[in-house]
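Please look over the sequence and the model before reading on.

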Amino acid sequence: MPEQSPKTSQAIPNPAHPIKTDGPVKSPTRSEREAKIKAMESLARFKNVTVKVSSLPLISSGNPPEYDDLHPIIKRVHAAFGADRLMWGSDQTQIMGKNRGSYAQNADIVRKYAAAYLPAGDVQKMMHDTATRVFKWPV
């Protein structure tokens, strides 16, 4: 679809977002997550595509506060799209409903732990600037 509407901004969900089945929502298996990430990476060539980096604790098998297994995914998505096309989202009601951490722990995945390997300006873009631009929020 991005190639059909190159002037339309398109935000795609987290590449490893939980999967809805006939039953309850479930976290993707490693192979399902890998397939979703590869599919998402194939969209990086379209400059009108932005990725919502959200629901991170739901795709982690790690524990708060750091969720160590997410950082290779964050690095990979960052490498494919760059911070100008990534925007963090909490999906906090889902996170709390599944007892996967507080809002602060969720936000700290990027603003504290990913900040150890991403430039400060990129963290600012992911946490604020990209969404402000994409959704045309007043500043």
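Helix 1 (30-41) and helix 3 (71-81) each provide at least two residues of the lining of the second largest pocket. Helices (H or I, at least four residues) and strands (E, at least two) are DSSP runs numbered from the N terminus. The model is predicted: local features need pLDDT of at least 70, side-chain atom pairs count only at pLDDT 80 or more, and totals for chains, interfaces and linings use all residues. Residues are numbered from 1 along each chain as its sequence is written, and side-chain values use heavy atoms, with hydrogens and water left out.

**Two pockets**

A pocket is an open set of points on a 1 Å grid over the protein atoms alone, where a 1.4 Å probe fits, with protein on both sides within 12 Å along at least five of seven lines; lining residues have an atom within 4 Å of a point. Volume is the space filled by probe spheres set on the points, which are joined across faces, edges and corners.

| Pocket | Volume | Element giving the most lining residues |
|---|---|---|
| Largest pocket | about 180 Å³ | helix 6, 4 residues |
| Second largest pocket | about 160 Å³ | helix 1, 4 residues |

The second largest pocket is lined by Arg30, Arg33, Glu34, Ile37, Asp69, Pro72, Ile73 and Arg76. This lining divides into 3 nonpolar, no polar and 5 charged residues, where Ala, Val, Leu, Ile, Met, Phe, Trp, Tyr, Cys and Pro count as nonpolar, Asp, Glu, Lys and Arg as charged, and the others, Gly among them, as polar. In the largest pocket, the lining holds 7 nonpolar, 3 polar and 1 charged residues; among them are Lys52, Trp88, His128 and Phe135.

**Helix 3**

His71, Ile73, Ile74, Val77, His78 and Phe81 are the buried residues of helix 3, buried meaning under 20% relative accessible area and exposed over 50% (1.4 Å probe, protein chains only). These residues lie on the same side of helix 3 because they cover an arc of only 155° around the axis, taken from the directions from the helix axis to the C-beta atoms. The exposed residues Pro72 and Ala79 are carried on the face turned away from the buried side of helix 3. Just after helix 3, Gly82 has a positive phi of about 80°.

**Ser90**

Ser90 belongs to the loop between strand 3 (86-89) and helix 4 (92-97). Ser90 is buried, with a relative accessible area of 18%. Not counting residues up to four places away in sequence, Ser90 touches Ser55, Ile95, Tyr103 and Asn106, contact meaning heavy atoms within 4.5 Å.
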